[in-house]
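Reader: Before we discuss terms such as cavity, buried and core, could you show me the model to which they are applied?

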Amino acid sequence: MKTLVIHPEDSTTWFLNRVYENIENLTLITGNVSKNEVKSMIRDHDRVMMMGHGSPGGLFSVGQFPSTTNNGYIIDEEMVELLKEKDNSVFIWCNADKFVERYDLKGFYTGMFISEVGEAMYCGLPETKQPEVDESNFGFVDIMGECVDTDPKTMHFIAKSKYGELIDHNPVAKYNHERLYVNQ
């Protein structure tokens, strides 16, 4: 299976590389390609994994993709028709659920996902400290890295089960755990 990973280079999401670091037959895009080139790569790959910062409108380019200066996204409604052809995509960004559900895309995805102390405060967890965020982040990506070569339903089951082991003592993990989804 040929996997395309779109992960805009950003020091605040570098930990996500653990999700895909052991995938064979991987094409990684971190920036410096046009939207048309990304479209072509989506067409040419069996699976697309998209991760980083985002919103209900899509995955932010965080200034890494030259052709996205007009709307700030590398993955947005322009990519929907191509993504509809895939049944095993992975969408890991804040509020990816709104994007995936709006367009009825298939795969594993996250809702609002706390990956920084500031986000925890915004999401109603004002007492959050960096070690809790780190435990949640690295617990999540390590689990995802273990099951990354499974189908979305299995990936969701494993993520919910194993990441769920943190929820009794880590409020960030509890918050994120409630926002892991699959659509098949």
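Author: In this predicted model, the largest cavity is lined by Thr 13, Phe 15, Leu 16, Gly 52, His 53, Ile 92, Trp 93, Cys 94, Phe 113 and Ser 115, and its volume is about 100 Å³.

Reader: What makes this space a cavity rather than a pocket?

Author: A 1.4 Å probe fits in a cavity but cannot get out, whereas a pocket is open. The structure holds 1 cavity of 30 Å³ or more, and by class the lining of the largest cavity has 6 nonpolar, 4 polar and no charged residues.

Reader: Why is Asn 176 called buried?

Author: Buried means under 20% relative accessible area, and Asn 176, at 0%, therefore counts as buried. Asn 176 lies in helix H8, residues 171-177, and, residues up to four places away in sequence not being counted, it touches Met 112, Phe 113, Ile 114, Ser 136 and Tyr 163.

Reader: What makes the pairing of the Asn 176 side chain with the backbone nitrogen of Ile 114 a polar contact?

Author: The cut-off for such a pair of N or O atoms is 3.5 Å, and the backbone nitrogen of Ile 114 lies 2.7 Å from a polar atom of the Asn 176 side chain, within that limit.

Reader: Which residues touch the most other members of the largest nonpolar core?

Author: Among its 32 residues, these are Met 49, Phe 108, Phe 140, Met 144 and Tyr 163. The largest share of this core, 6 residues, comes from H6. Neighbours within four places in sequence aside, Met 144 is in contact with Val 19, Ile 92, Phe 108, Met 155 and Ala 159.

Key. Residues numbered from 1 in each chain as written. Predicted model: local features only at pLDDT ≥ 70, side-chain atom pairs only at ≥ 80, totals over all residues. Heavy atoms only, no water. 1 Å grid on protein atoms, 1.4 Å probe; cavity = no way out; pocket = protein on both sides within 12 Å on 5 of 7 lines; lining within 4 Å. Points joined across faces, edges and corners; volume = space filled by probe spheres on them. Nonpolar A, V, L, I, M, F, W, Y, C, P; charged D, E, K, R; others polar. Helix = DSSP H or I, 4+ residues; strand = E, 2+ residues; numbered from the N terminus. Buried < 20%, exposed > 50% of the residue type's maximum accessible area, 1.4 Å probe, protein only. Polar contact = N/O pair within 3.5 Å; in protein donor to acceptor, adjacent residues only side chain to side chain. Contact = heavy atoms within 4.5 Å. Core = buried A, V, L, I, M, F, W, Y, C linked by side-chain atoms within 4.5 Å.
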